[in-house]
Amino acid sequence: MRGALVFGSVLSLILSSAPALAWWDGGHMQVAAVAYSKLTPRAKAKVDALIKLNPDYPGWIAGVPDDKKAQYAFVHAAVWADDIKDSAHGYTKDDDTPTAQNIGYADKNMHRYWHFKDIRFSTDGTQFSDANPINAVSQMKLFIAALPATSAATDDIRSYDMVWLLHLIGDIHQPLHATERISAINTDGDRGGNEVNVTPATGETIDLHAYWDRMFGGYVSVPGAIFDANDKAGISKLQADSAKAKLLDPDAWTQESFVLGKNFAYAEPVMSENTVAVLTRTYETDARNVARSQAALAAARLANVLNDAFK
């Protein structure tokens, strides 16, 4: 992660009052970099054409050599759904009036609630209601269905949907984007670990969600993310399970992440709900392994979704 521990501590404080971000920029861009390398020539040609319709495309390719523009734009596009949460982009916060519309770039809402589907569980019998039906899963289904030419959706809508999918498929493979704990301490839920404080081996205090999000680094450059993804220890070197990679059902992806969230993100010492859980070496090792495996699987599934849509 770029920056010192002070940067991480400050950012964790910001995130504690902000909507969830998954994997931060580094993770999302690494997932996209690996997925792009797995696209068929036909899918890559369609993806490259659609991505040019995004209003931020000129900035994504500014100063980039011609032979790298398509790849860089795809990788950068993976963080666009987070970028528009910044009011400078001209998008409106609409948390109080969630919508499941699919109207393309004419949509100027942030849709921060599209980034997750928290499947809830209780540790002490505290009752809870179901999560909002408008969520990452409902939108991924809508967007995937719109991608093929047979959907009759306009290219503007298909571009918008594809760029959102670059992000959401990464999001939902972060276990805490599919999991929320309910208890007497947090009767309305802990917001996917945002209300839980932990202390990792680095010594700072950070919320649990941010701890998982930062597994692949923070605000890195596009070439930096591509390098990290393809480094000798990068996620491109991991072999995703081929049967799982072919499973293109967002409900199944989310259920998988929920199970991982319960078993690993909320594993001890987090499960005991100490004021600040001091993470063990076992916890941190398992967390890194799960995160890397999930990112590699997200990349494979993202590529398969696009290859299938544009076959």
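User: Hi! How many helices and strands are there in the protein chain?
Analyst: Hello! In this predicted model, the protein chain has 13 helices and five strands. Its radius of gyration is 19 Å, close to the 19 Å that the globule rule gives for 311 residues, so the chain is as compact as a globular protein of that length.

User: Nice. What does the C-alpha trace span along its principal axes?
Analyst: About 50 × 40 × 40 Å.

User: And what share of the 311 residues count as buried?
Analyst: That would be 52% of them.

User: Which contacts did you look at for the chain as a whole?
Analyst: Those with a separation of 6 or more; residues 24 or more positions apart account for 72% of them.

User: Let's switch to helices. At what angle do H7 and H8 pack?
Analyst: Helix H7 covers residues 136-146 and helix H8 covers residues 155-172; they pack at about 140 degrees, with their axes 9 Å apart. An angle over 145 degrees would count as roughly antiparallel, and H7 and H8 are therefore oblique to each other.

User: Is the crossing left-handed or right-handed?
Analyst: H7 passes H8 in a left-handed crossing.

User: Which residues meet there?
Analyst: From H7 you have Ala136, Gln139, Met140, Phe143, Ile144 and Ala146. On the H8 side they meet Arg158, Tyr160, Asp161, Trp164, Leu165, Leu168, Ile169 and Ile172. The residues of this contact divide into eleven nonpolar, one polar and two charged.

User: What is Trp164 in contact with, leaving aside neighbours within four places in sequence?
Analyst: Its partners are Trp80, Ala81, Ile84, Met110, His111, Trp114, His115 and Phe143.

User: Now Gly26. Where is Gly26 found?
Analyst: In helix H2, which runs over residues 24-37. Gly26 counts as buried too, at 0% relative accessibility.

User: How far apart are Gly26 and Val220?
Analyst: In sequence they are 194 residues apart, but in space it is 5.7 Å, C-alpha to C-alpha. Val220 is also one of the contacts of Gly26 beyond four places in sequence, along with Phe216, Gly217, Gly218 and Ala225.

User: Thanks, that helps!
Analyst: You're welcome!

Definitions and conventions. Residues are numbered from 1 along each chain as its sequence is written. This is a predicted model: local features need pLDDT of at least 70, side-chain atom pairs count only at pLDDT 80 or more; totals for chains, interfaces and linings use all residues. Side-chain values use heavy atoms; hydrogens and water are left out. Axes are lines fitted to C-alpha atoms, for helices over the stretch in contact, and angles run from 0 to 180 degrees between N-to-C directions. Helices (H or I, at least four residues) and strands (E, at least two) are DSSP runs, numbered from the N terminus. Angles under 35 degrees count as roughly parallel, over 145 as roughly antiparallel, 65 to 115 as roughly perpendicular and the rest as oblique. A crossing is left-handed if the near helix is turned anticlockwise from the far one by less than a right angle, and right-handed if clockwise. Contact means heavy atoms within 4.5 Å. Ala, Val, Leu, Ile, Met, Phe, Trp, Tyr, Cys and Pro count as nonpolar, Asp, Glu, Lys and Arg as charged, and the others, Gly among them, as polar. Buried means under 20% relative accessible area, exposed over 50%, partly exposed in between (1.4 Å probe, protein chains only). The radius of gyration is taken over C-alpha atoms; the globule rule is 2.2 Å times the number of residues to the power 0.38.
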